[in-house]
Amino acid sequence: MSELSQLSPQPLWDIFAKICSIPHPSYHEEALAQHIVEWAQAQNIHVERDQVGNILLRKPATAGMEKRKPVVLQAHLDMVPQKNNDTVHDFTKDPIQPYIDNGWVKARGTTLGSDNGIGMASALAVLADNSVEHGPLEVLLTMTEEAGMDGAFGLQPNWLQADILINTDSETEGEIYMGCAGGVDFITTLPLQRDAIAAGASLFKLTLKGLKGGHSGAEIHLGLGNANKLLARFLCEHADTLGLQLLDFTGGTLRNAIPREASAILAVAANQQNALQAAVNEFLATLKFELAAVEKNITLLLESTESNAKALSQDSQNRFLALLNATPNGVIRMSDDVKGVVETSLNLGVVSLTEKEAEIVCLIRSLIDSGKDYVVSMLTSVGQLAGAKTSPKGGYPGWKPDAASPVMALVRELYQDLFNKTPNIMVIHAGLECGLFKKPYPDMDMVSIGPTITGPHSPDEQVHIESVALYWKLLIELLKAIPEKA
């Protein structure tokens, strides 16, 4: 028995505990998908899958509610796999270990997967609980949302029967989402030449770690440290003066997670080793001063190492470091239409080197297509100056807000009645699948709700227990209040 079994609503938490026990990072959701299919069959719930692996479950209306507008509850199957550097965990094999801590559910050393596991659990709990009143009901669980929205891209028209879609992927209780940013990946590839390491040089690994990381959309405005950018800044400042030779640079693991760690392997002459350590100490002090309000655990570690790699040539090193240092990161523009919401941003998410090339992967987000296009143009220009190849790929549309949405108005009214306070109607600077669903289902009325989740896409991820109960109450009352078809 999981300790989550003591929480309420119990069916939701029991299902979430089961989800945690089955590994399901992006591209490895099949075991969880098969479990859900078998669970539905055992419950005599209609279940089918499409050509990309999305799961659709159907349940008839509660007696007397057959004429209500049909609703689909939607969540995604995958989770973001991030762990602390001292945590031993294989996301493809090992279960997530949730625990309760002072009103929150967290995971031991890893992401929790409450994004979007709680939403998925709530949808399945509705199916499992015959006391929940509803009209004709569907549950759609999509594949590989976190790594490219594969399931949403593959969704075909005429599969869903619903008129209303309730997305469960929002992360703040008390907020109702009616729009989201679109996005596009941007990959910059720089060819590299390598030379021999200078005679008598020693090798060191310089690691920047201890940053919070987090969601590259919802938390991009918080001013959190980006390990790739900070390490590039140090190297640009000191590579020439200390005569450093760069052998390797690696940072970040996912384009949609703010990078928490980055490291470089350097060759340095014996007479510059003390100067390098002094520069490291000084830079760490600078970062602790600059980021004191948001990053409490920054570490910059210099340690001896070994490597069989050659060093980058001087020209390749100069161009790589200049490219990385000049690549923008963070908020580009705040929205004029939706106060307090980021309009356009990018996250310099992943940097890696092979023998012959460097690759920089960014995720660009914007509420407007022209904002996205501007950042693509900017990164293309930076790449051209460095002599790099650039390629935008995997673009997905935003979800344009509909102020006249009937379901949004219904949720707002219900929330006010249930909790005696007015919810915030929001547009989120993150990728929800609703924008993609609008292509095969242009007339579907959509809204997004969820409990409070902080630290998504990082090992600090946690879900607020009380907010899950409030979200569940809102969800079941919403299903009960859906009007009849005209």
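**Helix packing, a strand residue and aromatic pairs**

1. I118, G119, S122, A125 and V126 of α3 are in contact with V468, Y471, W472, L475 and L479 of α11, contact meaning heavy atoms within 4.5 Å. By type, the residues of this contact comprise eight nonpolar, two polar and no charged; Ala, Val, Leu, Ile, Met, Phe, Trp, Tyr, Cys and Pro count as nonpolar, Asp, Glu, Lys and Arg as charged, and the others, Gly among them, as polar.

2. The model is predicted: local features need pLDDT of at least 70, side-chain atom pairs count only at pLDDT 80 or more, and totals for chains, interfaces and linings use all residues. Residues are numbered from 1 along each chain as its sequence is written, and side-chain values use heavy atoms, with hydrogens and water left out.

3. Helix α3 spans residues 114-128 and helix α11 residues 465-481; their axes come within 11 Å and cross at roughly 45°. Helices (H or I, at least four residues) and strands (E, at least two) are DSSP runs numbered from the N terminus. Axes are lines fitted to C-alpha atoms, for helices over the stretch in contact, with angles from 0 to 180 degrees between N-to-C directions. The two helices α3 and α11 are therefore oblique to each other (under 35 degrees is roughly parallel, over 145 roughly antiparallel, 65 to 115 roughly perpendicular, the rest oblique).

4. I166 belongs to strand β7, residues 164-167. With 0% relative accessibility, I166 counts as buried (under 20% relative accessible area; exposed is over 50%, partly exposed in between; 1.4 Å probe, protein chains only). Leaving aside residues up to four places away in sequence, I166 touches V71, V72, L73, Q74, V447, I449, L475, L478 and L479. The C-alpha atoms of I166 and V72 are 6.3 Å apart, although 94 residues separate the two along the chain. Two of these neighbours, L475 and L479, also take part in the contact of α11 with α3.

5. The whole structure holds four aromatic pairs: rings of Phe, Tyr and Trp (its six-membered ring) with centres within 6.5 Å, planes under 30 degrees apart being stacked, over 60 edge-to-face and the rest tilted. One of them, F249 with F320, is edge-to-face, at 5.8 Å centre to centre and 70° between the planes. This pair joins distant parts of the chain, 71 residues apart: F249 in strand β13 (residues 245-251) and F320 in helix α7 (residues 314-326). F249 and F320 are both buried.

6. The ring centres of Y415 and F419 lie 4.7 Å apart with planes at 65°, so this pair is edge-to-face. Y415 and F419 are four residues apart in helix α9 (residues 406-419), and therefore separated by about one helical turn. Both residues, Y415 and F419, are buried.
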